[in-house]
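Here are some exercises to work through with the model open in your viewer. Try each task before you read its solution.

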Amino acid sequence: MEVCRFFYCSSMAVLLISGLMFPAMVASLGINYGQIGNNLPTPETVVHLVKAIGATKIKLYDTNPRILKAFANTGVEFIVMLPNECLSDMRDPKEAQNWVKQNVQAYLPATKITCISVGNEILTYNDTSLSNHLIPAMQSMQSAVVTLGLDKQVTITTTHSLAVLETSYPPSAGAFRRDLVACFTKILDFHVKTGSPFLINAYPYFAYKNNPKQVSLDFVLFQPNQGVLDPTSNLRYDNMLFAQIDAVYSALASLGYKNLTVHISETGWPSKGDGDEAGATPEYAKKYNGNLLKVISQKKGTPMKPNYDLNIYVFALFNENMKPGPTSERNYGLFKPDGTPVYNLGISTANVISTNTSAGGGVNVNSSTPQPPNGYLSITSDANPAVKSSGEEILGENKGGLVLVS
């Protein structure tokens, strides 16, 4: 395999590709584009890389103007995010309308923004100062897109961690945490009325990391295995991600919401970790993400919803060197910042020739003090208290599967 590299050239950026990039059906591939790094390529260069891997959907953790402008007229669909610290302001309909005008409408229709996530994993903060603002903020944002005539093209939602589930095994017994049911009922009513998707982040990696002796590695990596039979539904599962997704469908159904569209807004596997982070290796990351892409290419749903689209967003596009937390946090990327694959996922030959490979795509951070942008949470599985610095928060929590397979 000839690796993908960025080169300087006096001419405009040109992408030279030969061979297949990812398995067929890449047209439905979604990717998370994080920016917590001081060495990331410019958004203009990232456009070519995104096209090269065949991704047509991107989820951002903000509304970075340079990224949204760079992807104008590319046809790539965007989920953008309202930062967590802005929720209280969005209770005011005028503030919500101004935010949508400045951060969404300003880029339409050239940039295909299709969804706004109001905050990220708000309900797993266990912080009422945030969660009390969530539904009013979603309602104000919905009123804003309606008033601006954008409601036919832009939906309003919020993103959840799998930790909102109290029960996830067997999948047919999936249920939300009892302390969140009242809130979820209002959120789900909102989804029904507006037709917006339910976003959930699911990481089989954490189930394995926390219980490597109990959880079957083949089961979490989509490798051949005997599978697990749900004794109630009599459905057999051959991978943990599908079991997690169906646990979410069961939780929704238990509250009377059987037909909501579910998107897996994050899933991935780290290629490097600390000594206590079992399974964080290039070999396992390659197997998880490679097999995940094959599953996506098969265009099949889960055992419970075989005819439903999976709508999966892989985490993440790049390794991000400024993310705090354990080593794994900085090593979820499919690519290094220079554009070389972290591991071989079937990229045959790809050379990106660019006029600029500076870190223009990263957040403006002080290299001595890593700070994530608000709303972009740490994905560590440790249930640590929120870390606050300069008004910014990250949350370490268990996002992993609660499904244990012996």
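Helices (H or I, at least four residues) and strands (E, at least two) are DSSP runs, numbered from the N terminus. The model is predicted: local features need pLDDT of at least 70, side-chain atom pairs count only at pLDDT 80 or more, and totals for chains, interfaces and linings use all residues. Residues are numbered from 1 along each chain as its sequence is written, and side-chain values use heavy atoms, with hydrogens and water left out.

**Exercise 1. Helix α1**

Task: Find out how many residues of helix α1 are buried, and check the phi of Gly 54.

Solution: 
- Step one is the cut-off: buried means under 20% relative accessible area, exposed over 50%, and partly exposed in between, with a 1.4 Å probe and protein chains only.
- Next, go through residues 43–53: nine of the 11 are buried, so α1 is largely enclosed by the rest of the structure.
- The buried ones include Pro 43, His 48 and Ile 53.
- Finally, step just past α1, where Gly 54 takes a positive phi of about 85°.

**Exercise 2. The barrel**

Task: Trace the strand order of the closed barrel, then look at how β5 pairs with β6.

Solution: 
- With that, eight strands close up in the order β3-β4-β5-β6-β7-β10-β13-β14, with parallel pairing.
- Neighbouring strands here are turned by 25° against each other on average, ignoring direction.
- Now zoom in on β5 (residues 77–82) and β6 (residues 112–120): they run parallel and share six bridges.
- Glu 77 stands opposite Lys 112, and Phe 78 has Ile 113 as its bridge partner in β6.
- Seven of the nine residues of β6 are buried, so this strand is largely enclosed by the rest of the structure.

**Exercise 3. Helices on the sheet**

Solution: 
- Count a contact when heavy atoms are within 4.5 Å.
- Helix α9 (residues 282–297) touches β13 and β14, at about 155° to the direction of β14.

**Exercise 4. Aromatic pairs**

Task: Classify the ring pair Tyr 203 and Phe 315, then do likewise for Tyr 205 and Trp 269.

Solution: 
- Rings of Phe, Tyr and Trp (its six-membered ring) pair if their centres lie within 6.5 Å; planes under 30 degrees apart are stacked, over 60 edge-to-face, and the rest tilted.
- Running this rule gives 16 aromatic pairs.
- Tyr 203 and Phe 315 sit 6.4 Å apart centre to centre with 75° between the planes, which makes them edge-to-face.
- Tyr 203 is in the loop between β10 and α6 and Phe 315 in the loop between β14 and β15, so the pair ties together parts 112 residues apart in sequence.
- Both ends are buried: Tyr 203 has 0% relative accessibility and Phe 315 has 1%.
- For Tyr 205 and Trp 269, the centres are 5.0 Å apart and the planes at 70°, so that pair is edge-to-face too.
- Tyr 205 belongs to helix α6 and Trp 269 to the loop between β13 and α9, 64 residues apart.
- Ring pairs link a cluster that includes Tyr 203, Tyr 205, Phe 222, Trp 269 and Phe 315.

Key: Pairing = 2+ DSSP bridges. Axes fitted to C-alpha atoms, helices over the stretch in contact; angles between N-to-C directions.
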